[in-house]
Amino acid sequence: MAIEKTDVVIVGVGAAGGILAAELGKAGMKVIGLERGPRLKTSDFEPHDELRYFQRQDLRPDPKRMPVTWRPNAKATAHPIPSQNNGNQAGGGTVHYGAVSWRFHEDDFRVRSQTIERYGADAIPEGSSIIDWPLSYAELEPYYERAEYELGVSGKAGNLKGKKVDGGNVFEASRQRDYPLPPLLNDQVGANFEPAARNLGLHPFPTPHAILSQRYKDRPGCTYCGFCQAFGCHVGAKSSILVTKLPEADATGNFKLITGAMCYRVNSDNSGKVTGVSYYGPDRSDNTIEADIVILAPFIYDNVRLLLLSKTEKFPDGLANSSGHVGRHIMAHIGARAFAAFDDRHVNVYMGPSAQKNSLDDYNADNFDHKDLGFIRGAQISAGPAGLEGGPLGTAMSMNPPPGVPRWGAAYRDFFAKYYTRHTALTGQTENLPYADQAIDLDPNVRDAWGLPAPRMTYDWRRPNEKARVEFIQKKMVEIGRAMGAAQVWTAPFGPGAPGAHHQGGTRMGSEPHESVVNKYSQSWDVPNLFIMGSSTHPTMSGFNPTLTIQALAYMTAEAIVNRYRKNPGALI
Amino acid sequence: MSKHDEGRRAFLVALGAGAAATTALVPDALAKSNHQHQADAPAMDHAGMAGMSARHGAFFNDEDSRTIAAFTERLMPGAPGKPGATDADVLNYIDLALAGPYADEQYFYRCGVAQLDAHCTQSYGKPFRNLTSAQQDETIAALEQGKAPAFVWPTAQAFFNTVHKHTMEGLFADPIYGGNKDFAGWRLVGFPGAQPEFTPEDMQSREAFTREPIIGLQVRAKSVKG
């Protein structure tokens, strides 16, 4: 058993962990990062191989070795989900993600208060466990800006210092600075979507992406190859943590990355502090790192699992869980989809950055009046490939044919042969609410390749509020598809309640220790030298993708550790 | 996982030297002689012929290979100017996959094919591979709808869904994996393959992309003309 000592150990070096590694290293702290996967290079991503990366998910956890199980309710038996959203290598999910990079809206940080102020307390759906975030947009804004400029995000401002800017997202919260890079080039998806949406009185705009539209910080601009979501970028234009923060961390001389390391326990002592972590090496060796600060930054499954696995006599319900909220209030985006197929033009949806190419924010957050609609909160609507990746295999697996066309045989062949290059999908990414019974715990029946119990999700999105929202959004998407001049517009059926994308919650942040796991610095209320990072801390999820918010929070935590915690270790609040 | 993947790749590349991954490099003369050889085979219906002409040998026996070749061809049938599963050598893709990365699905296929033949023998007095195309379509529809009582495990729908998924993979995955022969799947739908870049003009065009030939991971086609 090897024992190493360091100032800080970070478990999981992805969207949040990579930022903390670089920033704490720059401040002179000795940092060890543990990563269960490999550290890949840009040259590893040369193969534009849909089978390997989209279908077989080579950059994501192998569900056979690292199962995550799901059941719709506590009476059902859980089974492994077929694919996971998160990454499995240094850089985490930012290596393969679609790089959609939003700032949340002002009201995304105060869903409970906003809803009560505008619609009354009765508008909060029964059983929903929404709380306000313990910080405001204004407080996080400098860190959003820092993430956009340090990592490299391309987009067009829609609200610059309170002034609305046509062509950007006019619903976005006020920003002090425009994006560091202009938006990515429009393609035929945008050329069809934007005029149609404008004709309907809506406000379309190019989706902001952490993908370089031109050369920036010695990295080249995007080649528009289209092998984007699910793939690593073959030129390094995607602003993944792998090509942005990890080189910065290396340059400090204070950072050591250990790959192939599966962390299985956070160690603690009787004083109520954590002392480090234990992990299995690739050779199955059992190793320990002793550290003054432990930062957990894997995906939400392992944040929850590690806390539950690290229970002691002092922490009988799991580490950092005196509130009993560890593993609760899980959320996931559901992708409501419609398809628009054209007879008179090609769209060539396989070209260009593939995830959520162009967006609408008119029906997101509380940007529209929900009075008498039967639901609260909304969805971000976007246009792009059905599978967020436009190759023919991804499209065949993701696009259900229109009514009257079977899934196979000559009629399907002719449909797909004609419309593969002549269609676009519309996706509504819905802000599903947290409910206390949506949870992650330890599966009593399924274990991973290391013998650890699998994280088990109990989740069913089909709540009255959520179903009403999805129906509303689907109608809007069909209207947009028709306005685009499509020969056919149809919708996709829904799955059986399973969680969709961007799983969040499980260690939520809050203002009160009794109803949350961490404070706004992602610091455990119970254990002051333990920080729990990532989207598991989100109390509500927004209709927007979470990564830029994860990154802004990581910058904020890094600053608080360097400027305050280091001088005076203890609770930051 | 990466180690496993490298092993899989090495395996496929090694196989490809003699079989699938280099199909586009097979000289026309050799391809013609293969067809000539098949013409000498005993006469049988089209689906059976498809089974004989498709390469296999890594996993399936001859009978089962005919079954899978016929099944996948009915899922994505070929027609003049419209390459189908046989043209794309989907059988070869599935055969190699079951011998390698999908080895844990071998038993699933064994049981599935046995149940399929039991169902067809009950319904038509013959195994699937010897049915007419119309009977095969009727059978596949019954599986898709879960109306094939001979199936226990895998269920009829699970078997249908798996073969359907693997057929799409064999049609549309890069030829390095043994299917999508001569870019048959990509030619069917108009996909130009692993292009390294698209220009602003490409993205502003409302026409099909023809600026470059189809590009695969290992070989470049002479032309995108299908």
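1. Across the interface of chain A and chain B, 19 residue pairs are in polar contact, both partners having pLDDT 80 or more; a polar contact is a pair of N or O atoms within 3.5 Å, where within protein one must be able to donate a hydrogen and the other to accept it, and where residues adjacent in sequence count only if both atoms are side-chain atoms. On the side of chain A that touches chain B, α2 (50-55), α5 (188-199), α8 (392-398) and α9 (410-419) each supply at least two residues, and α9(A) gives the most, with six residues. That side divides into 20 nonpolar, 15 polar and 13 charged residues, where Ala, Val, Leu, Ile, Met, Phe, Trp, Tyr, Cys and Pro count as nonpolar, Asp, Glu, Lys and Arg as charged, and the others, Gly among them, as polar.

2. On the basis of these values: this is a predicted model, in which local features need pLDDT of at least 70 and side-chain atom pairs count only at pLDDT 80 or more, while totals for chains, interfaces and linings use all residues. Residues are numbered from 1 along each chain as its sequence is written, chains are lettered from A and ligands numbered from 1 in the order in which they are written, and side-chain values use heavy atoms, with hydrogens and water left out.

3. In the interface as a whole, 48 residues of chain A are in contact (heavy atoms within 4.5 Å) with 52 residues of chain B. The two chains bury about 4200 Å² between them, 60% of it on carbon and sulfur atoms, buried area being the accessible area (1.4 Å probe) that two parts lose on being put together, summed over both. A:R56, A:W408 and A:R413 supply 20% of the area that chain A buries against chain B, more than any other three residues. Between the chains there are three salt bridges, each a side-chain nitrogen of Lys or Arg within 4 Å of a carboxyl oxygen of Asp or Glu; the side chains of A:R407 and B:E144 meet in a salt bridge at 3.9 Å, N to O.

4. Chain B has 11 helices and zero strands, these being DSSP runs (helices H or I, at least four residues; strands E, at least two) numbered from the N terminus. Of its 226 residues, 49% are buried, that is, under 20% relative accessible area, with exposed meaning over 50% and partly exposed in between (1.4 Å probe, protein chains only).

5. A:R103, in the loop between β4 (79-80) and α3 (111-119) of chain A, counts as buried because its relative accessibility is 6%. Its side chain makes a polar contact of 2.8 Å with the side chain of A:E141, and another of 2.8 Å joins the side chains of A:R103 and A:E148.

6. A:S239 lies in the loop between β7 (205-206) and α6 (245-251) of chain A and, at 1% relative accessibility, counts as buried. The side chain of A:S239 reaches the backbone oxygen of A:G152 at 2.8 Å.
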